[in-house]
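Please read the following report alongside the sequence and the coordinates; it begins with the aromatic rings and then turns to the chain as a whole.

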Amino acid sequence: MLQIVDVEYIEGHTLEIHFDNGDTGIVDFAKLLNGKIYKPLKKVELFKQYGLKNGTLEWVNGADFAPEYLHKHLRTKLAKA
């Protein structure tokens with residue numbers, strides 16, 4: 001099961017996400033923030049309030065995304081370290 005091991009804020013609604021399989025990439029969440037629970041995250045101040053819980057990216061309002069879903073939405077895949 002794929003897990004997120006680190007996340008770095010880039011700008012706006014963009015995060016750099018590091019997965020436990022060694023993949024790292026950029027995800028632009030601007031078009032992914034649809035639906036009742038994700039709409040508040042369109043405010044950048046709230047979007048920045050994220051953390052990792054059991055290998056999953058989660059926000060203070062309870063919104064989260066499965067690691068597999070985010071892996072499929074990597075805009076830019078960065079070279080493995």
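## Aromatic rings and overall build

The count of aromatic pairs comes to 7, where rings of Phe, Tyr and Trp (its six-membered ring) pair if their centres lie within 6.5 Å, and planes under 30 degrees apart count as stacked, over 60 as edge-to-face and the rest as tilted. Phe65 and Tyr69 form a stacked pair, because their ring centres are 5.7 Å apart and their planes lie at 10 degrees. This is a predicted model, in which local features need pLDDT of at least 70 and side-chain atom pairs count only at pLDDT 80 or more, while totals for chains, interfaces and linings use all residues. Residues are numbered from 1 along each chain as its sequence is written, and side-chain values use heavy atoms, with hydrogens and water left out.

The two partners are listed with their relative accessible areas (buried means under 20%, exposed over 50%, partly exposed in between, with a 1.4 Å probe and protein chains only).

| Residue | Relative accessible area | Class |
|---|---|---|
| Phe65 | 5% | buried |
| Tyr69 | 34% | partly exposed |

Ring pairs also link Phe65 and Tyr69 with Phe29, Tyr38, Phe47 and Trp59 into a cluster.

The protein chain holds 2 helices and 7 strands, taken as DSSP runs (helices H or I, at least four residues; strands E, at least two) and numbered from the N terminus. Their order from the N terminus is β-β-β-α-β-β-β-α-β. Of the 81 residues in the protein chain, 38% count as buried, and the C-alpha atoms fill a box of roughly 35 × 25 × 20 Å along the principal axes.
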